Amino acid sequence: MPGTDSITIFREGEGRDLVDVRFEGVLAPVSGLCQYVDDETAVVVELILRIGAIKGPAAESQIEEFPFFIAIAEKTGEIIAKEIFYSPIEIAEGKRRGAVQEEMEQRIPLTGIKTGGDYVIILGFQLTEEQLKLKQRSSVN
């Protein structure tokens, strides 16, 4: 989903400058595989994603949980299912960067005349309203 492939996590309080950044994250889909199962009445989607993290100047620990979502939508864009996950990333002492690889599986039941091609998988960071507004403001400037 556009704009949700990165996240900036700020410290509590009002400051929103570079010195207020606890962590930044980037979500990169690495691969995916779709397979019909149960006599073609369902599709199982296997996803491998990589989440990279950079520790900012306001970080108070070496670990941060990054919220991300996986949604199933019809081709029209209507989301029919969504689940939020949390991926903790620990940055090694003395380092600024770290990453994890998540292996996820989603099951899409097929009803009526629907096929796997009638659906799309959407993934991104689960942004707060404030994070979304900051992204929108920075993309306009």
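A: Two strands count as paired if DSSP finds at least two bridges between them, and the strands themselves are DSSP runs (E, at least two residues), numbered from the N terminus. The model is a predicted one, in which local features need pLDDT of at least 70 and side-chain atom pairs count only at pLDDT 80 or more, while totals for chains, interfaces and linings use all residues. Residues are numbered from 1 along each chain as its sequence is written, and side-chain values use heavy atoms, with hydrogens and water left out.

Q: What is the order of the strands in the open sheet of 4 strands?
A: The order is β1-β2-β3-β6, and the pairing is antiparallel. The edges are taken by β1 (6-10) and β6 (97-109), each of which has a single partner strand, so one side of each is left without a neighbour in the sheet. Neighbouring strands of this sheet are turned by 25° against each other on average, direction ignored, where the axes are lines fitted to C-alpha atoms and angles run from 0 to 180 degrees between N-to-C directions.

Q: Over how many bridges do β2 and β3 pair, and over how many do β3 and β6?
A: For β2 and β3 the antiparallel pairing extends over 14 bridges, and L33 has E46 in β3 as its bridge partner. For β3 and β6 there are 13 bridges, again in the antiparallel sense, with L47 partnered by M104 in β6.

Q: Are D39 and E40 buried or exposed?
A: The scale calls a residue buried under 20% relative accessible area, exposed over 50%, and partly exposed in between, with a 1.4 Å probe and protein chains only. D39 counts as exposed because its relative accessibility is 78%, and E40 is exposed as well, with a relative accessible area of 57%.

Q: Which residue in the turn between β4 and β5 has a positive phi?
A: In that hairpin, where 4 residues separate the strands, G77 has a positive phi of about 100°. The strands β4 (residues 63-74) and β5 (residues 79-90) run antiparallel and are joined by 11 bridges, and the bridge partner of A71 in β5 is K82.
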